[in-house]
Amino acid sequence: MENENEGWIYDVFVNFRGEDTGRNFTDHLCAALDQKGIIAFRYDQALERGKPVSSEVFKSIGESRFSIVVFSKNYAASARCLDELVEILRCMKSTGQIVFPVFYDVDPSDVRKQRGEYFEKAFRKHEEDFMDKVESWRGALRDAASLSGWDLYNKHEAKVIQEIVKEISNQLSQKLSSVPEDLFGIDSRVEEMNLCLDMGVNDVRIIGIYGEKGIGKTTIAQVVYDRVSGQFNGSSFLANIKEVYEKQGLVPLQEQLISEILMDKSIKIWNVHRGVNAIRNRLRYKKVLLVLDGVDRLEQLEALAGSRDWFGAGSRIIVTTRDENLLNRYRVDRIYRAQALNHEEALRLFCWKAFKQGHPPEEQYVELCELVLDHARGLPSALEALGSFLFGRSLVEWRSAVNRLAQVPCTWNYLK
């Protein structure tokens, strides 16, 4: 997953005892995280006994959004694991890092209380060699084992790994989907889209977003995609389908769709017919989120998502288009009609682009702003274009530009 500029380099730091889980559970977990596009730091040199934790590893802990701590029978015998754990909890308290414990073949209460053969033996040795660290190690074990996580007792490893990856993915989606401050009015529109998606229902649902050019269909779809994609086994956002189709045809779109969902860039599709078969056969049991943006022909939909049974239960397909009739022919479940911004939203967006603040800076700009808003008719793309054009210009230039706008009969023509 792509990291924002918040000092994060890794999505997850994985703390584990290499000899216990490095070649089984933890290896499978890291592979599953990688398959989902989640960047994990795994200290592979952990198999080297007695190797102290380097400053680079400590640095990596602080550069991670999450930490997963895999407790196992011999975990406490590793001074390296315990040193890392202390640093992980320090980051949890100082930076808000989220920590998930996983109990692999060990009872959570034994970890909390450091009891049982393995823990007692480990700490007898530590009290001889690391007396100055024992207290902090015990406290870290107690605190970490009290956190909410996963206990593998009597459970299938594969299922628990799926649960862990899903939880990390969901939380990352929420953290990475912060809405830019100039997307005014987006929250109410996304909420309406969420009602259309009805995520609690386990059927395959197709939602159409319809509206005129520049009204924000793609923006709505993108924000929804960013916020909910973590709830699916795979996801793909195919942007500007009309343009890609006209220049390259359908095969590149089919390749992108299946490659993004399966996280496999090596997939090669030779023709549209084979692409249809590949999508249908390889995705029919996967819960996917698919956005088909800027569709203008039925054949595009038929080649990319021709039938609901191409995808697994719980899948959602979002189609954005200017052609409402196309959505009806495609037999979507719901149509969301994108609405223009209201006056308050339009004024804030325009002023943000024109003045870098949410309102006119001086009284003499108020009337000019109102004239621009009348011309733009609440279309976000028009407001953005006009605001960006007028940014930094003098009052004389503003008046000249607004007068010229009066000669343009329609925002639609202006945008073209």
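1. A word to start with: a residue counts as buried when its relative accessible area is under 20%, and as exposed when that area is over 50%, with partly exposed in between. Keep in mind, too, that this is a predicted model.

2. With that cut-off in hand, look at glutamine 114. Its relative accessible area is 8%, so glutamine 114 is buried. You will find it in the loop between α5 (108–113) and α6 (117–129). As background, most residues other than glycine have a negative phi.

3. Now try arginine 377, in the loop between α17 and α18. Here as well phi is positive, about 55 degrees, although the residue is not a glycine. Is arginine 377 buried or partly exposed? Its relative accessibility is 39%, so it counts as partly exposed.

4. Next, the sheet. Five strands form an open sheet in the order β2-β1-β3-β4-β5, and their pairing is parallel. The edges belong to β2 (40–42) and β5 (150–151); each has a single partner strand, so one side of each is left without a neighbour in the sheet.

5. Strands β1 (residues 10–16) and β3 (residues 64–71) run parallel and are joined by six bridges. To see a bridge for yourself, find asparagine 15, whose partner in β3 is valine 69.

6. On to the nonpolar residues. In soluble globular proteins, nonpolar side chains tend to be buried together. The largest nonpolar core in this model has 46 residues, and Ile318, Phe350 and Trp398 touch the most other members. Several elements give two or more residues to this core, including β6 (205–210), β8 (288–292) and α19 (395–405). Which element gives the largest share? That is α16, with seven residues.

7. Leaving aside neighbours within four places in sequence, tryptophan 398 is in contact with residues including Phe350, Tyr365, Leu368 and Arg393.

8. Finally, a helix pair. The axes of α11 (residues 241–248) and α14 (residues 298–305) come within 11 Å and cross at roughly 90 degrees, which makes α11 roughly perpendicular to α14. On the α11 side the contact is made by Ile241, Lys242 and Tyr245, and on the α14 side by Glu299, Gln300 and Leu304. By class, that contact has three nonpolar, one polar and two charged residues.

Terms used. Residues are numbered from 1 along each chain as its sequence is written. This is a predicted model: local features need pLDDT of at least 70, side-chain atom pairs count only at pLDDT 80 or more; totals for chains, interfaces and linings use all residues. Side-chain values use heavy atoms; hydrogens and water are left out. Two strands pair if DSSP finds at least two bridges between them. Helices (H or I, at least four residues) and strands (E, at least two) are DSSP runs, numbered from the N terminus. A nonpolar core is a set of buried Ala, Val, Leu, Ile, Met, Phe, Trp, Tyr and Cys residues joined through side-chain atoms within 4.5 Å. Buried means under 20% relative accessible area, exposed over 50%, partly exposed in between (1.4 Å probe, protein chains only). Contact means heavy atoms within 4.5 Å. Axes are lines fitted to C-alpha atoms, for helices over the stretch in contact, and angles run from 0 to 180 degrees between N-to-C directions. Angles under 35 degrees count as roughly parallel, over 145 as roughly antiparallel, 65 to 115 as roughly perpendicular and the rest as oblique. Ala, Val, Leu, Ile, Met, Phe, Trp, Tyr, Cys and Pro count as nonpolar, Asp, Glu, Lys and Arg as charged, and the others, Gly among them, as polar.
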